[in-house]
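Hello,

Here is the structure we talked about handing over. Please have a look at it first; my notes follow below.

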Amino acid sequence: MARGFILSSDALIASLILLSTLLVVANFISILTLSEKAKYENFEKVAFASSLSSAIIKTRNETNPSTGAAYYNEEKRRVESNVVDEELLSKIVPQSFGRYGLFGIYERSQDSRREIFFQSAKECIFVERFVIIRGTIKRKAVLGVIVCEA
Amino acid sequence: MKHKGIFTIEAIICFFTIAAITLVIISQPQTPTQYFVQNDKASDLLIVWATRGDTIEEMEKDANMFLGKGEFRIEYRQKSIGEIFEHEIVREIEAEGGKIKLFLRN
């Protein structure tokens, strides 16, 4: 078989293999980048939800309970961490915090679940916190905080 | 040079290099989302238990509800509830009755 001047058959096959390998690698990197981006965005949302839920159960803000609904103990003269004031909890309303917002809160126990409020939105996640609720009945419960894209 | 095998030495080296690079890319560490959430959960349980002075049986009931069965181990007052995990996160708090240790599956 006559050989070409620039490319031999071997070189042609090698080039094709190299090009297809590059294509596969580029495709793989693209998939990996998209997956990492999605993971990062999800992490950002979880971090926000976690911070917001921490604010709700560990601090007290009577004018805006969406950022603090912890119970104030008159005897100890301090706000109690992980003890939530039921009265303030019932006053929380949906609120946007820029890119993300608070769209719902629910209370869950062993055999029941009660929605305190919920407003439907897109791309929601929830984080659950374990608290004591101080209201008409003092009880231990799981408090779910629903965060969605605003 | 005449080769008797299917692949040349260069091809084998090249193949292993590509495989090694792919493995390195695939085994990138995961985002710490799960660790982050578990840390909060452990902290919540310990704070509530220490505040109330619960018994280990009550703690087990709470952890079953919050974390799910088989996902934790509690150590309190020389008692232990739950299984030992190969990889676990450990958190502890000093309560009135002694140290409460909570182990979560990682």
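**Helix packing in chain B**

H2(B) and H3(B) run roughly antiparallel to each other, because their axes cross at roughly 150° and angles over 145 count as such. This is a predicted model. H2(B) covers residues 33-52 and H3(B) covers residues 56-66. Their axes come within 11 Å. The crossing is right-handed.

Which residues make the contact between H2(B) and H3(B)? From H2(B) come Lys41(B), Leu45(B) and Trp49(B). H3(B) supplies Met59(B), Asp62(B), Ala63(B) and Phe66(B). By class, that is five nonpolar, two charged and no polar residues.

**Where chain B touches chain A**

The contact between the chains takes 18 residues from chain A and 15 residues from chain B. On the chain B side, H2 and H3 are the elements that give two or more residues. H2(B) gives the most, with 10 residues. The chain B side has eight nonpolar, four charged and three polar residues.

Most residues other than glycine have a negative phi. Arg77(A) has a positive one, near 55°. Arg77(A) sits in the loop between strand S1 (70-73) and strand S2 (78-85) of chain A. Arg77(A) is exposed, with 7 other C-beta atoms within 10 Å.

Arg77(B) also has a positive phi, of about 50°. Its place is the loop between strand S1 (72-76) and strand S2 (79-81) of chain B. Is Arg77(B) buried or exposed? Arg77(B) has 12 C-beta neighbours inside 10 Å and therefore counts as exposed, the cut-off being 12 or fewer.

Best wishes

Technical notes. Residues numbered from 1 in each chain as written. Chains lettered and ligands numbered in written order. Predicted model: local features only at pLDDT ≥ 70, side-chain atom pairs only at ≥ 80, totals over all residues. Axes fitted to C-alpha atoms, helices over the stretch in contact; angles between N-to-C directions. Helix = DSSP H or I, 4+ residues; strand = E, 2+ residues; numbered from the N terminus. Parallel < 35°, antiparallel > 145°, perpendicular 65-115°, else oblique. Left-handed = near helix turned anticlockwise from the far one by under 90°. Contact = placed C-beta atoms within 7 Å. Nonpolar A, V, L, I, M, F, W, Y, C, P; charged D, E, K, R; others polar. Buried ≥ 20, exposed ≤ 12 C-beta atoms within 10 Å, placed from the backbone.
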